[in-house]
Amino acid sequence: MGILGLSKLIADIAPAAIKERELKHYFGRKIAIDASMCLYQFLIAVRSEGAQLTTADGETTSHLMGTFYRTIRLVEQGIKPVYVFDGKPPNLKGGELAKRAERRDEAQKLLQAAAEDGDAAAIDKFSRRLVKVTRTHVEEAKQLLQLMGIPYIDAPCEAEAQCAALVKAGKVFATATEDMDALTFGSNVLLRRLTFSESRKLPVQEIHFDKVLEDLELNHDEFIDLCIMLGCDYTGTIKGVGPKRAIELIKNHRSLEKIVENIDTKKFPVPEDWNYGEARSLFREPEVSSTDDIVLKWSEPDEDGLVKFLCGDKQFNEERVRNGAKKLYKARNTSTQGRLDSFFKVLPNSSTPAKRKIEEKKTPAKKTKGTTNVKFRGKAK
């Protein structure tokens, strides 16, 4: 689910935090991709005559088709993708998962009714609602990525949290996902639409977290509380409080504790035994693998291995698979000038906008607003 209404709230209040870029802008960038989100997109979008692509035996291949060709497209643009897969969901997510199961049950009943009525549009609509990424989809995608020479990471818990940790550690430039909670976990840069199909013709949406905090006039902890009020996967919300009122309450009271103390509970009922503190802790200190132990390595594609995997039981066209492998090889080995910022190392900056302003007033001659600390790693030429 992500964070309900957050993208619109940022667009309305902090539009300067959002930039639109062409895919080629990310040449030379390492980007952490939410793998489960991608697989879900492919299972919904890569279809034929309203249904997922399958083999003659009925085995789904939409997730493999999407992963193979979309990854090639990214690599051809000079992007270095690393896919991050979800681990076990946190216990607090159980309620959201139960709701999703109920919605699938309802969609199944509606699908059956649509099939009896012969309503093709409704059949397609409710079939999409039943799409679920399975363990088989995940394991096959990992096998494919390994053969393509693309690294992947198994997160211990939420993939978005692991992606954000990689960004904060400087291992990658950005998190690519449609879920806005990557910002709540603290990803400095969020990319949306990166893995969209070319047919949708939409630019990549690049959201900068520091600018979001600055324009919303919040620190990270206050932003987390705002996201909990808007609606997240881990707990309920105050009934009747929408995005506009939520940001007003946070700015007036600065914490959920103060809001609960001061809000009119008759007009805005607070959930019984509201566990917002536990949800806040999950966003502040999520379970992630230490980035110090993560080594990202892109390698040569295994053309014969890809053919064996995709063109056997999966029934992919061998010529197209070999052409795809050659594109991967060419993109990896093409000698081109790297990004200028590859010669620099960006130092992490965890200070909030308010804190930075105070520091700037104290030492105006040493640092101006918006300056990024860097260390030059090459020789001057």
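User: How far is the sulfur of Cys232 from the closest cysteine sulfur?

Analyst: Start with the cut-off: a disulfide is a pair of cysteine sulfur atoms within 2.5 Å. For Cys232, the closest cysteine sulfur sits in Cys227 at 8.1 Å, too far for a bond. By this rule, the count for the structure is zero disulfides. A word on the ground rules: this is a predicted model, where local features need pLDDT of at least 70 and side-chain atom pairs count only at pLDDT 80 or more, while totals for chains, interfaces and linings use all residues. Residues are numbered from 1 along each chain as its sequence is written, and side-chain values use heavy atoms, with hydrogens and water left out.

User: Is Cys232 buried or exposed? And what does Cys311 count as?

Analyst: Buried means under 20% relative accessible area, exposed means over 50%, and partly exposed is in between (1.4 Å probe, protein chains only). Cys232 has a relative accessible area of 5%, so it's buried. Cys311, at 21%, counts as partly exposed.

User: What share of the contacts is between residues 24 or more positions apart?

Analyst: A contact is heavy atoms within 4.5 Å. Taking the contacts with a separation of 6 or more, 71% join residues 24 or more positions apart.

User: How many helices and strands are there?

Analyst: Both are DSSP runs numbered from the N terminus: helices are H or I with at least four residues, strands are E with at least two. The protein has 16 helices and eleven strands.

User: What is the order of the strands in the open sheet?

Analyst: The general idea is that strands of a sheet pair through backbone hydrogen bonds, either parallel or antiparallel. The rule used here is that two strands pair if DSSP finds at least two bridges between them. In this case you get an open sheet of seven strands, ordered E1-E9-E8-E7-E2-E5-E6, with mixed pairing. Its edges are E1 (18–21) and E6 (152–154), each pairing on one side only. From one strand to the next, the twist averages 25°.

User: What helix packs on that sheet?

Analyst: For angles, axes are lines fitted to C-alpha atoms (for helices, over the stretch in contact), and the angle between N-to-C directions runs from 0 to 180 degrees. Helix H3 (residues 62–76) touches E2 and E5, and its direction makes about 140° with that of E5. Those two strands, E2 (residues 30–34) and E5 (residues 80–85), run parallel and are joined by five bridges. In that pairing, Ile31 stands opposite Pro81 in E5.

User: Which way do the residues of E8 point?

Analyst: E8 covers residues 189–192; Val189 and Leu191 point one way, Leu190 and Arg192 the other, and all are buried. E8 pairs with E7 (residues 174–176) in the parallel sense over two bridges, and Leu191 is the bridge partner of Ala176. E8 also pairs with E9 (residues 204–208), this time antiparallel over four bridges. There, Arg192 stands opposite Gln205.

User: How many salt bridges does a search of the whole structure find?

Analyst: The test is a side-chain nitrogen of Lys or Arg within 4 Å of a carboxyl oxygen of Asp or Glu. The search turns up 21. One of them joins Asp215 and Lys211, at 3.5 Å from N to O. These residues are four apart in helix H9 (residues 209–216), so about one helical turn separates them. Asp215 is partly exposed at 23%, and Lys211 is partly exposed at 26%.

User: Which residues does Arg322 meet in salt bridges?

Analyst: Asp304 is one partner, at 3.3 Å. Asp304 lies in helix H14 (residues 303–310) and Arg322 in helix H15 (residues 318–333), so the pair ties together parts 18 residues apart in sequence. Asp304 is exposed at 54%, whereas Arg322 is partly exposed at 24%. Glu318 is another partner of Arg322, with the closest N and O atoms 2.9 Å apart. Arg322 and Glu318 both lie in H15, four residues apart, about one turn of the helix. Glu318 is partly exposed, with a relative accessible area of 40%. Put together, Glu303, Asp304, Glu318, Arg322 and Lys326 are linked in a network of salt bridges.
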